[in-house]
Amino acid sequence: MTAVSQPARRGKVTVIGSGIIGVCTANYLLKQGFEVEVVDHALPGSEEQCSYGNAGGICPGSCIPNSMPGVMKNVPKWLMDPEGPLIVRLSYLPHALPWLLRFLEASRKPRVDVISAAMRALHRYTYEAYEPLMKEAGCEDLLQKRGQLFVYESADGPAGGAYGLGLRRSHGVKVDILNAGEIRDLEPALAPIFNSAVYLPEQGQCPNPGRLVASLAANATRQGARYIRAKVKGFEMGPDGPKALRLDNGTVLPVDKVVIAAGAWSAELARQLGDRIPFETERGYHIMLKGADTGLKIQTISADKKFVASPMEDGLRIAGNVEFAGLNAPANLERADILLKQARPMFRNLDVGEVSRWMGHRPGTPDSIPVIDRATRFRNVIYAFGHGHQGLIGGAVTGKLVSEMAADLPTSVDLKPFRVNRF
Ligand SMILES: Cc1cc2nc3c(=O)[nH]c(=O)nc-3n(C[C@H](O)[C@H](O)[C@H](O)COP(=O)(O)OP(=O)(O)OC[C@H]3O[C@@H](n4cnc5c(N)ncnc54)[C@H](O)[C@@H]3O)c2cc1C
């Protein structure tokens with residue numbers, strides 16, 4: 001990306017990370033009149049980023065945390081099933097255990113009510129926050145408001161999720177319960193094996209999340225953001241906080257304000273600044289069937305097997321799994337093949353075509369919501385990470401909120417639930 005200079009009105013902000021959170025933040029900081037630098041060793045929209053390979057859901061009504069009452073009942077069942085949605089590599093268990101205990105702790109009803117309200121508060125403005133950016137970037141085709149469908153093989157599937165449906169309704173999310181015939185009318189591409197469904201008509205999807213990140217990055221660059229291709233190793237400290245970043249190429253980059261939006265790698269940077277945050281990579285997989293045309297129009301989730309089938313602009317993507325194995329263990333791409341095996345019976349016609357497999361690192365907090373806050377000790381550092389399973393949904397809103405914080409303006413969303421000291 002080439003740099004275009006723009007006069008600085010408010011000073012400089014350096015964003016670490018160019019995934020969806022980083023590029024949205026860069027765009028909104030520019031709107032506030034900041035000079036913007038983005039530092040990342042990966043290219044925006046590239047496969048290294050979690051933002052590249054997600055399922056594409058952009059869902060204003062997403063307000064169901066991963067840790068729900070009763071989750072403990074399901075964990076042994078999921079772990080025992082070699083094809084189940086949850087995997088903990090045994091050697092990694094001691095490392096993940098404290099996080100997992102906090103995850104279970106977050107499943108208490110009073111806590112879930114608070115988390116759910118926070119999720120809704122963040123996500124409800126996702127369209128409003130993305131649309132102006134997409135318009136400027138010329139990629140409005142990357143937001144499709146087609147709804148989202150959760151399908152069950154049994155006739156009374158939604159009854160099992162009554163608490164979650166109640167939460168959605170209490171937050172004003174439109175929920176339709178469908179029977180077998182209504183599922184067929186809505187999504188004829190699905191095989192007739194589903195007998196009940198929850199349809200959320202207001203949800204949306206992005207048919208190419210990698211292209212979205214790349215387009216928003218290019219938009220920021222056109223408006224003057226400078227992209228520095230390097231990895232941040234650490235900070236040079238001044239009396240009031242970081243005064244420079246130490247980069248892996250040996251450069252010492254002077255900074256005024258810093259945003260940490262480094263996805264699953266963020267907690268290590270925050271730790272260097274004195275904030276210890278319970279944080280894990282929740283590794284997820286996808287298999288991409290390039291050119292496959294099942295006729296599927298709506299992002300469809302198997303509520304029984306916990307995977308997502310997303311129609312993408314270049315084929316069909318099956319995504320899912322949560323694997324605890326850390327940032328450095330090699331991917332087990334057989335998980336992607338298992339996703340395909342599970343998804344095959346879902347469609348009337350599935351011509352697999354060219355296949356590619358991917359693993360990405362979801363940046364996970366145990367309570368399913370991100371950290372959007374200043375560093376505890378340093379006002380010139382803003383955290384914007386930990387979006388877990390919802391970073392695409394939360395990307396643009398987070399970018400806007402961070403830009404408001406950087407400009408010392410009141411934030412459009414109450415950020416109390418997202419504070420770094422909540423753990
Ligand atoms: C299978 C799967 C399906 C998903 N489906 C959805 C979905 O449908 N909807 C949804 O909203 N979310 C979904 N998600 C989650 C979503 O993809 C993530 O929450 C989101 O991409 C996180 O974005 P990010 O910008 O924080 O992280 P990333 O996209 O991972 O970007 C972080 C960037 O920081 C850079 N970085 C790290 N360390 C440093 C450093 N020291 N110096 C410089 N740069 C650094 C990295 O190189 C990377 O480019 C899914 C995730 C997975 C795995």
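Helix α5 (residues 109-123) comprises 15 residues and spans 21 Å from its first C-alpha to its last, close to the 21 Å expected at 1.5 Å a residue. The expected span is 1.5 Å times one less than the number of residues in the helix. Helices (H or I, at least four residues) and strands (E, at least two) are DSSP runs, numbered from the N terminus. The model is predicted; local features need pLDDT of at least 70, side-chain atom pairs count only at pLDDT 80 or more, and totals for chains, interfaces and linings use all residues. Residue numbers start from 1 along each chain as its sequence is written.

The buried residues of α5 are V112, I115, S116, A118, M119, R120, L122 and H123. A residue is buried if 20 or more other C-beta atoms lie within 10 Å of its own, exposed if 12 or fewer, and partly exposed in between, with C-beta atoms placed from the backbone. These buried residues pack against α6 (126-137), α8 (162-170) and α13. Contact between two residues requires that their C-beta atoms, placed from the backbone, lie within 7 Å.

Two of these partners also meet each other. The axes of α6 and α13 come within 8 Å and cross at roughly 75°. Helix α6 is therefore roughly perpendicular to α13. Axes are lines fitted to C-alpha atoms, for helices over the stretch in contact, and angles run from 0 to 180 degrees between N-to-C directions. Angles under 35 degrees count as roughly parallel, over 145 as roughly antiparallel, 65 to 115 as roughly perpendicular and the rest as oblique. On the α6 side, the contact involves T126, A129, Y130 and L133. On the α13 side, I393, A396, V397 and K400 take part. By class, this contact has six nonpolar, one polar and one charged residues. Ala, Val, Leu, Ile, Met, Phe, Trp, Tyr, Cys and Pro count as nonpolar, Asp, Glu, Lys and Arg as charged, and the others, Gly among them, as polar.

A336 lies in helix α12 (residues 334-343). A336 counts as buried because it has 23 C-beta neighbours inside 10 Å. Leaving out residues up to four places away in sequence, A336 touches Y285, H286, I287 and R357.

D248 occupies the loop between β11 (241-247) and β12 (252-254). With 10 C-beta neighbours inside 10 Å, D248 counts as exposed. Beyond residues up to four places away in sequence, D248 touches A230, K231 and K233. From D248 to R169 the separation is 79 residues in sequence and 49 Å in space, C-alpha to C-alpha.

Most residues other than glycine have a negative phi. N321, not a glycine, has a positive phi of about 75°. N321 is found in strand β17 (residues 315-324) and counts as buried, with 22 C-beta neighbours inside 10 Å. D408, also not a glycine, has a positive phi of about 55°. D408 lies in the segment after α13 and counts as exposed, with 8 C-beta neighbours inside 10 Å.
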